[in-house]
Amino acid sequence: MVFALSKWEVLLQQGVNGLILGSFYALVALGYSMVYGIIKLLNFAHGDIYMTGAFVCLSVFGVLSGVLPGWAGIACSIVAAMIFSAVLGWLAQRFAYRPLLGAPRLSLLITAIGVSLVIYNTVMAITNSQPLFFTSGLDNAAGIKIGGITVTYIQLILLSVAACVMIGLTLFIGSTRTGKAMRAIALDQDTCRLMGINVNKVIGLTFLLGSALAALAGGLACVYYGNVQYNMGYTIGIKAFTAAVIGGIGSIPGAMLGGLLLGLLEAVGTQLLDSSWKDVFAFGLLILILILRPNGLLGKSEIERM
Amino acid sequence: MSSTILKVENLETYYGKVAALKGISLEVRQGQVVTLLGSNGAGKSTALRTISGLISPAAGKVFFCGEDITNLPAHEIVKRGLIHLPEGRHIFKDLTVSENLELGAYTLKDKHERRRRMHDVFGRFPILQKRRHQLGGTLSGGEQQMLAIGRGLMAAPKLLLMDEPSMGIAPLIVRDITNIVRQLNEEGTTILLVEQNANMALGLAGYGYVLDTGSIVLQGEGARLRHDEKVVRAYLGG
């Protein structure tokens with residue numbers, strides 16, 4: 001039916017694809033940005049946390065398949081993936097990063113690369129470097145037609161879950177006591193201690209949250225793309241990191257905006273040029289954005305009032 | 001005589017191998033204003049940071065209300081009512097005035113009590129109420145100092161450690177700050193005041209200690225220190 005679509009409809013269809021891709025980027029970028037905001041660490045293991053989430057989702061779904069098929073099984077598997085990855089992220093924070101918080105930044109960065117390689121190689125060994133395939137038994141092509149474009153149910157669910165999570169996170173950071181403590185720690189840790197805030201506990205919570213979001217993205221990706229591989233976290237890790245920087249690293253709405261923008265640019269790039277040129281197109285534009293706004297779209301400039 | 005609220009015994013603190021505090025002892029009694037004087041680098045801020053748990057001492061003890069708090073983490077010490085207002089105010093500049101105040105009562109779970117205390121702070125500093133939706137970083141120096149004090153009051157302190165509240169404040173506003181400190185004390189808050197502005201500090205304090213390169217070199221009643229020849233020469237510009 002592709003021949004029946006007008007140019008605009010094709011572009012709209014790509015827009016939907018871009019939003020999906022962008023939602024994955026945004027969910028992963030949030031964890032990058034939150035962790036960077038609070039302890040100024042580029043957590044290179046974050047992409048591997050995403051990958052772990054996809055694996056746990058696939059494995060749990062396999063175990064549940066006889067008992068809980070379909071959407072219920074998928075939902076449970078994703079929740080299990082989020083819990084597992086949240087704990088994994090917290091453990092990395094507790095035993096690898098926390099002891100080095102007072103050390104030079106570079107040591108912390110190398111530790112993050114180390115954690116990344118440990119997770120990556122563990123999963124590679126367990127799976128013998130083979131991709132695993134996910135079959136939900138649901139009709140992936142089923143969906144609704146709006147005008148000339150088709151949006152599948154999986155896409156709809158994915159977009160609504162991502163939207164709800166992002167709204168929830170924004171409310172949490174913006175108005176709860178713990179959310180305020182997170183923002184305050186990003187600004188001034190010692191003063192937070194003097195307010196009675198258990199800084200280590202809140203940092204741990206940030207890792208729990210960020211890792212759970214990455215695993216949510218991983219689980220959704222597993223369901224959406226239908227396959228999982230040990231190296232799937234690498235590219236998305238770099239892209240999510242890029243998205244966080246474009247949005248203004250440390251900024252929660254920035255990570256969401258940067259992720260969605262990058263997804264859309266890639267989709268449009270695929271449409272206008274060719275899929276092999278999509279990264280050239282997207283990253284070319286991103287470099288341009290950074291030249292114009294070095295602190296990212298929603299990042300704060302470092303000019304301070306005395 | 002009133003009871004001792006803070007007792008510091010032979011406190012020693014190091015930055016690497018450099019001794020910043022070489023065994024200081026001091027005491028603050030319930031209801032007093034006690035001042036810790038000294039020039040830049042004498043160790044005044046280090047003393048407060050060690051007492052409030054931001055730095056661990058190498059030796060010595062700190063007792064608060066009779067309890068040994070020497071090795072407690074800072075956030076645990078806050079829960080006991082010992083509140084430290086750090087040098088340079090340290091307002092959270094990207095958070096609003098109300099958010100800054102709310103964080104001051106972080107350890108308090110009771111929402112109504114939190115709201116009541118914020119109401120009290122607004123009563124004391126009406127300018128903060130006017131600016132409550134503004135970001136902390138947009139306030140003037142004097143307003144930021146009021147916010148820092150208000151944020152401390154949100155924790156309902158038994159003892160307030162104040163580190164140079166007059167620093168970087170216009171002279172006219174210093175008088176306001178002095179009055180605020182006096183008023184707080186009259187309302188029952190015990191205060192340990194660190195100052196370079198000895199004139200201001202000795203006008204307020206019933207008792208004072210003089211710190212010099214990590215050791216206490218002089219102590220006595222505020223009025224006596226005010227007329228002590230060495231103090232006058234070194235800190236009062238005599």
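Author: Begin with buried area: the accessible area, taken with a 1.4 Å probe, that two parts lose on being put together, summed over both. The size of an interface is often given in this way. Note that the model here is predicted.

Reader: How much area do chain A and chain B bury between them, and how much of it is on carbon and sulfur atoms?

Author: The two chains bury about 2,300 Å² between them, with 62% of that on carbon and sulfur atoms. Arg177(A), Leu194(A) and Met195(A) supply 33% of the area that chain A buries against chain B, more than any other three residues.

Reader: How many residues of each chain are in contact?

Author: On chain A there are 21, and they are in contact with 27 residues of chain B.

Reader: How many salt bridges does the rule find across the interface?

Author: It finds three between chain A and chain B. Lys180(A) and Glu102(B) also form a salt bridge through their side chains, at 2.2 Å from N to O.

Reader: Which helices of chain A supply the side that touches chain B?

Author: Helices α6 (177-187) and α7 (189-194) of chain A each supply at least two residues of that side. The largest share, six residues, comes from α6(A). By class, the side of chain A that touches chain B has eight nonpolar, four polar and nine charged residues.

Reader: What does Ile197(A) touch, leaving out residues up to four places away in sequence?

Author: In chain A, Ile197(A) touches Ala181(A), Ile185(A), Cys192(A) and Val202(A). In chain B, Ile197(A) touches His75(B), Leu103(B) and Tyr106(B).

Reader: Last, a single residue. Is Thr46(B) buried or exposed?

Author: Buried means under 20% relative accessible area. Thr46(B) counts as buried because its relative accessibility is 8%. Thr46(B) lies in helix α1 (residues 44-51) of chain B. Not counting residues up to four places away in sequence, Thr46(B) touches Thr13(B), Tyr15(B), Ala20(B), Leu21(B) and Ile55(B).

Key
Residues are numbered from 1 along each chain as its sequence is written. Chains are lettered from A and ligands numbered from 1 in the order in which they are written. This is a predicted model: local features need pLDDT of at least 70, side-chain atom pairs count only at pLDDT 80 or more; totals for chains, interfaces and linings use all residues. Side-chain values use heavy atoms; hydrogens and water are left out. Contact means heavy atoms within 4.5 Å. Helices (H or I, at least four residues) and strands (E, at least two) are DSSP runs, numbered from the N terminus. Buried means under 20% relative accessible area, exposed over 50%, partly exposed in between (1.4 Å probe, protein chains only). A salt bridge is a side-chain nitrogen of Lys or Arg within 4 Å of a carboxyl oxygen of Asp or Glu. Ala, Val, Leu, Ile, Met, Phe, Trp, Tyr, Cys and Pro count as nonpolar, Asp, Glu, Lys and Arg as charged, and the others, Gly among them, as polar.
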